[in-house]
Amino acid sequence: MNADWLPALILLLPLAGALLSVPRQDFAPYVSLVAALGTLALSIVAALWVTANGTLHGGPIFALDPLGALYLLPVSFVYCTSSLYAIGYLWARRQEQRENESPPRYRQYFPLMNVFALVILAVPLLANLALMWIAIELTTVFSAFLVAYEDRAEALEAAWKYVALTSMGAMIALLGVLLLYYATHAAGTPPTWAGLLAAAPRIPGPLLLLAFVLWLIGFGAKAGLVPMHTWLPDAHSQAPASVCAVLSGVETSAALYMILRLFPILASNPQIHDPAAWYLVLGLITVGSAAFLLLQVHDFKRMFAYSTIEHMGIILTACGLGAAAHESGTVYQLFAHGFTKSLCFFAAGLAGIVFGTQEIAKVRGLISRAPLVGWALVLGTLAIAGAPPFALFLSEFEILRSGYGSGQYLATGLLTLFIALAFIALTYQSTRIAFGKPEDTVRGPAIRLPRSSLLALIIAFVPVFLFGFYLPPPLTHLVQEAAHMLELTK
Amino acid sequence: MQVSSVAFHLDGSIAALFIVLGLGSMVARQMYASLRFFMWQAIALTLSALVLAASLQAINLLWVAIITFVTKVIAVPLVLRWAAGAEVYGRREVDQVIGIPTTVLAAAMLALLGWFAVAPTLPLLQGVPFAPLNLPTGLIMVLWGAFTVAIRRESVAQLMGLLLMENGAFFGSIAIVHNLTVIAEIAAAVDVPIVALVIGLLIRNIRRVTGSTRVSELDRLHER
């Protein structure tokens with residue numbers, strides 16, 4: 001079957017969604033939802049094609065390999081659930097904030113969200129390194145006003161920090177991208193992942209190392225790696241929950257995806273000694289810092305933002321632990337993080353509507369006020385913390401098992417400690433929110449939660465739960481193939 | 001590849017000019033002066049691309065020169081005038097965390113750092129005769145731009161730092177990559193004004209909501 005047209009069509013749907021949602025504000029949510037559903041269906045078809053036939057080439061511009069396909073699935077799923085969630089959620093927020101002087105940017109939301117999804121989807125679909133960098137850069141550009149959606153001083157502050165720090169990172173990464181572009185040209189290979197991998201043994205070590213360091217700092221700022229993470233909690237505390245789900249679930253991992261893909265290239269170069277150490281050290285610093293920050297958090301959306309930083313660190317550490325950790329560890333964690341984090345932010349957004357605040361100290365008894373949201377928050381937190389029987393338990397258990405199995409006791413021991421700390425902090429805070437006696441200071445009981453958002457919450461829970469104990473055979477094969485792409489060594 | 005010594009001298013002079021103009025933009029005390037230094041630096045970048053295009057007979061670099069001139073010398077100032085005109089053209093003073101002497105000293109140290117970071121790679125860059133000039137200059141400008149963002153308290157002045165970083169990245173890259181595909185060149189050309197537009201609009205909104213573009217006053221978000 002010829003599927004050359006699939007990558008272009010996957011990108012055309014959100015583009016159409018953006019264009020069609022500009023003129024009619026009342027139709028915009030539904031147009032976006034249809035575009036997102038179409039994108040999800042086509043992404044599944046593309047992933048199945050890649051599973052059966054290997055890399056999917058769409059002319060000279062597109063190439064989708066197993067690792068790209070595995071990342072494409074959570075992106076399109078979260079785009080879809082976020083579009084559904086936003087229908088009722090934004091309306092409810094709008095009602096809540098009618099009295100505000102500066103009303104939220106409702107009219108701009110759906111066109112921007114569709115274009116934002118388009119550029120994230122483009123990252124795994126594009127073949128050319130320079131175009132991938134442009135796609136990553138544009139994710140910041142198109143999401144800046146989504147972060148500043150509520151048009152308050154705090155939201156603008158968060159958006160400014162986000163734009164300033166990640167744009168600085170993008171400029172640093174650009175030099176790294178272009179050094180690698182030169183390396184492929186000098187080796188006579190195309191500037192693609194495959195071309196870079198073929199050229200890797202012949203790239204001069206110092207050149208590759210300089211490119212990698214620029215790449216790590218640049219994309220690391222976008223992925224929220226410590227110490228470039230400072231924008232992330234601010235942006236997530238201010239953006240609407242439907243935006244946070246995309247930002248945290250799949251946008252940060254787009255930058256991490258770029259860093260991960262450089263691992264086999266470094267490992268194939270005979271002059272680079274122990275590239276895993278870079279991933280291990282930066283990963284552990286990130287997980288450790290996030291775990292300690294989680295202990296002193298006071299805002300439940302910031303709590304999930306720190307948890308994202310923790311997860312980026314876990315994925316990077318898993319990559320550093322080596323081949324045994326890749327299969328059910330690195331790539332599965334990247335895959336499952338998107339679904340799970342979107343569930344957490346969907347629950348947190350509705351909890352914000354129930355209580356009218358995000359202050360952990362002021363909210364109690366969510367389960368008695370809104371049982372579905374309360375249980376979603378508890379289960380989502382358990383899932384993101386790595387508890388069984390959820391998807392992330394599998395990957396975190398596998399990472400630790402393979403780390404101890406390969407004799408890396410110090411690194412794995414530290415990782416275990418940090419994961420345990422984060423687990424305690426997350427579950428402690430979420431149980432405080434969900435259980436206990438509601439305080440008088442919070443909003444009264446007459447809250448009717450939007451049905452579309454509740455439905456999105458239920459849909460988001462399905463893969464978080466299902467993939468904890470069952471993976472369809474094509475998906476298992478895709479995970480194995482994706483992991484194999486990180487395993488190439490000298 | 002044989003390249004005439006005239007081209008080397010010319011590109012060397014342009015690199016020196018590029019550095020001086022970057023330093024000018026860093027230490028300028030007025031927003032508009034900082035923007036003018038950036039525009040002149042973009043012209044230096046255009047000239048370097050033209051010299052390299054002629055010396056290496058690389059037609060793609062001719063496109064890079066045209067795109068750079070149109071986007072950075074014409075489009076970016078227009079976009080900034082539209083989005084944040086009062087801030088840029090209103091003879092506003094630049095507010096910095098540190099003074100000019102300290103800025104110059106830090107710039108010198110960053111220049112040394114940039115040079116030492118890139119020096120080991122220069123002998124390895126085969127067939128790219130202008131890399132020893134352009135690559136360190138570009139990396140130094142990226143570091144200076146990042147430093148400019150870090151020390152300035154105003155959003156518009158910070159934007160100048162981001163634009164300096166972009167100029168630096170392109171100045172370094174034209175020497176090592178002169179075979180970008182047309183689609184990547186067009187995308188890069190569109191990217192620069194879009195970034196300037198979005199950041200300009202964000203600045204306009206910050207001024208509308210807070211009454212100022214001083215990002216140092218935006219400090220409500222932090223962990224307690």
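Which residues make the nonpolar surface patch of about 900 Å²? In this predicted model, for which local features need pLDDT of at least 70, side-chain atom pairs count only at pLDDT 80 or more, and totals for chains, interfaces and linings use all residues, the patch of about 900 Å² is made by B:Leu47, B:Leu50, B:Ile59, B:Leu62, B:Trp63, B:Ile66, B:Phe69, B:Val70, B:Ile74 and B:Leu78. Residues are numbered from 1 along each chain as its sequence is written, chains are lettered from A and ligands numbered from 1 in the order in which they are written, and side-chain values use heavy atoms, with hydrogens and water left out.

Patches of this kind are made of residues with over 30% relative accessible area and no salt bridge, like charges being joined within 9 Å and nonpolar side chains (Val, Leu, Ile, Met, Phe, Trp, Tyr) within 5 Å. Accessible areas come from the Shrake-Rupley method with a 1.4 Å probe, and for residues only the protein chains shown count as cover. Helix H2 (31–56) and helix H3 (59–89) of chain B each supply at least two residues of the nonpolar patch, where helices (H or I, at least four residues) and strands (E, at least two) are DSSP runs numbered from the N terminus. H3(B) gives the most to the patch, with 8 residues. B:Leu50, placed in helix H2 of chain B, is partly exposed, with a relative accessible area of 37%; buried means under 20% relative accessible area, exposed over 50%, and partly exposed in between (1.4 Å probe, protein chains only).

Chain A has 20 helices and 2 strands. The C-alpha trace of chain A spans about 65 × 55 × 40 Å along its principal axes. Of the 490 residues of chain A, 68% count as buried, and the accessible surface of the chain comes to about 15300 Å², of which 69% belongs to carbon and sulfur atoms. Among the contacts in chain A (heavy atoms within 4.5 Å) with a separation of 6 or more, 81% are accounted for by residues 24 or more positions apart.

Aromatic pairs were assigned to rings of Phe, Tyr and Trp (its six-membered ring) whose centres lie within 6.5 Å, with planes under 30 degrees apart counted as stacked, over 60 as edge-to-face and the rest as tilted. By this rule the count comes to 28 aromatic pairs over all chains. The rings of A:Tyr109 and A:Tyr149 form an edge-to-face pair, because their centres are 5.7 Å apart and their planes stand at 75 degrees. This pair links distant parts of the chain, with A:Tyr109 in helix H4 (residues 106–125) of chain A and A:Tyr149, 40 residues apart from it, in the loop between helix H5 (129–147) and helix H6 (153–187). A:Tyr109 counts as buried at 1% relative accessibility, and A:Tyr149 counts as buried at 1% relative accessibility. A:Phe263 and A:Tyr279 likewise form an edge-to-face pair, at 5.1 Å centre to centre and with 85 degrees between the planes. Since A:Phe263 lies in helix H11 (residues 263–267) and A:Tyr279 in helix H12 (residues 276–295) of chain A, the pair ties together parts that are 16 residues apart in sequence; both residues are buried. Ring pairs also link A:Phe77, A:Tyr332, A:Phe335, A:Phe339 and A:Phe467 into a cluster.

Side chains of opposite charge can pair when their charged atoms come close. With a salt bridge defined as a side-chain nitrogen of Lys or Arg within 4 Å of a carboxyl oxygen of Asp or Glu, the structure holds 10 salt bridges over all chains. One of these joins A:Arg261 and A:Asp65 (2.5 Å, N to O), linking helix H10 (residues 241–261) of chain A to the loop between strand E2 (62–64) and helix H3 (66–96) of chain A across 196 residues. A:Arg261 is buried, with a relative accessible area of 6%, and A:Asp65 counts as buried at 9%. A:Lys222 and A:Glu251 meet in a salt bridge at 2.8 Å, N to O, and both are buried.
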